[in-house]
Structure formats: structure tokens, C-alpha cells
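Good morning, everyone. Please take a moment with the structure before I go through its aromatic rings.

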Amino acid sequence: QVQVVESGGGLVQTGGSLRLSCAASGSIVYIVSMGWYRQAPGKQRELVATISNSGSTNSADSVKGRITIANDNAKNTVYLQMNSLKPEDTAAYYCYVRARATEWPINDYWGQGTQVTVSS
């Protein structure tokens, strides 16, 4: 099927920046879209940003103007550049890949998550 691996999380001070990366691999026929969700302790998982294979993007109002999502279709990779980070951005960030894998219908595949902690 499809494996999803995130990297780039860490601890940063308020106002700092982080770049998350997510790579998909496996028996991928094609990718429909990729993106990021996040989940803070005690809260539901929420959308951060998504990007389609054609480059159309969508992002949450809470991060608009502070994040940039980009993909590299040749590498099946998506990047999330986060600037002006705030303590409320602290969460586990999960990458998802909507893809068709060999002998499987289109499905959503998730990574294990990478922790982002913003100190005040």
C-alpha cells in the first residue's frame, strides 16, 4: 500500500519557524492530494492545510498568512513551512496522503505524526 513518513517537528520559541516534510512511498499509482492535520491534547484533530496534485491549496483560517504548503510531485513529498509560530500551534502534526495504490481504491493514508511545541 502506501507508507507516509513525516519529519521536521521540534521545539521552537514563539515567533519562530519550522518546516515539516512528508514523503509517501509504496505501490502508488497516483496521488490525489496531500496535507496536514494537527491535534492538540484534549482537542479534536483539525485541518491545517492541503494541496492537490495540481497545486490547489486550502488552509485553516487560524494559520492563513503564516504557513505555506508546497508539494514535489516527482518525490511524492509535501512540505509545510510555518512562520510566526504561536503557543496555540503546539500539537502533533499528521500528514495524510489521498492516493490510489496498486490493487486498492483511492484511500487516505496517515503518518505517525510529528510533534511541534512552541514555547512562550
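This is a predicted model: local features need pLDDT of at least 70, side-chain atom pairs count only at pLDDT 80 or more; totals for chains, interfaces and linings use all residues.

Over the ring of which residue does the charged end of Arg45 sit? The ring is that of Tyr94, and the charged end of Arg45 is 3.8 Å from its centre, where a charge sits over a ring if NZ of Lys or CZ of Arg is within 6 Å of the ring centre and within 35 degrees of the ring normal. The charged end of Arg19, in turn, sits over the ring of Tyr79, 4.2 Å from the centre.

Residues are numbered from 1 along each chain as its sequence is written, and side-chain values use heavy atoms, with hydrogens and water left out.

Turning to ring pairs, a search of the whole structure finds three aromatic pairs, a pair being rings of Phe, Tyr or Trp (its six-membered ring) with centres within 6.5 Å, stacked if the planes are under 30 degrees apart, edge-to-face if over 60 and tilted otherwise. Tyr37 and Trp110 form an edge-to-face pair, 5.4 Å centre to centre with 70° between the planes. Because Tyr37 lies in strand β4 and Trp110 in strand β10, this pair ties together parts that are 73 residues apart in sequence; strands here are DSSP runs (E, at least two residues), numbered from the N terminus. Tyr96 and Trp110 have ring centres 5.7 Å apart and planes at 40°, so their pair is tilted.

Technical notes:
Helices (H or I, at least four residues) and strands (E, at least two) are DSSP runs, numbered from the N terminus.
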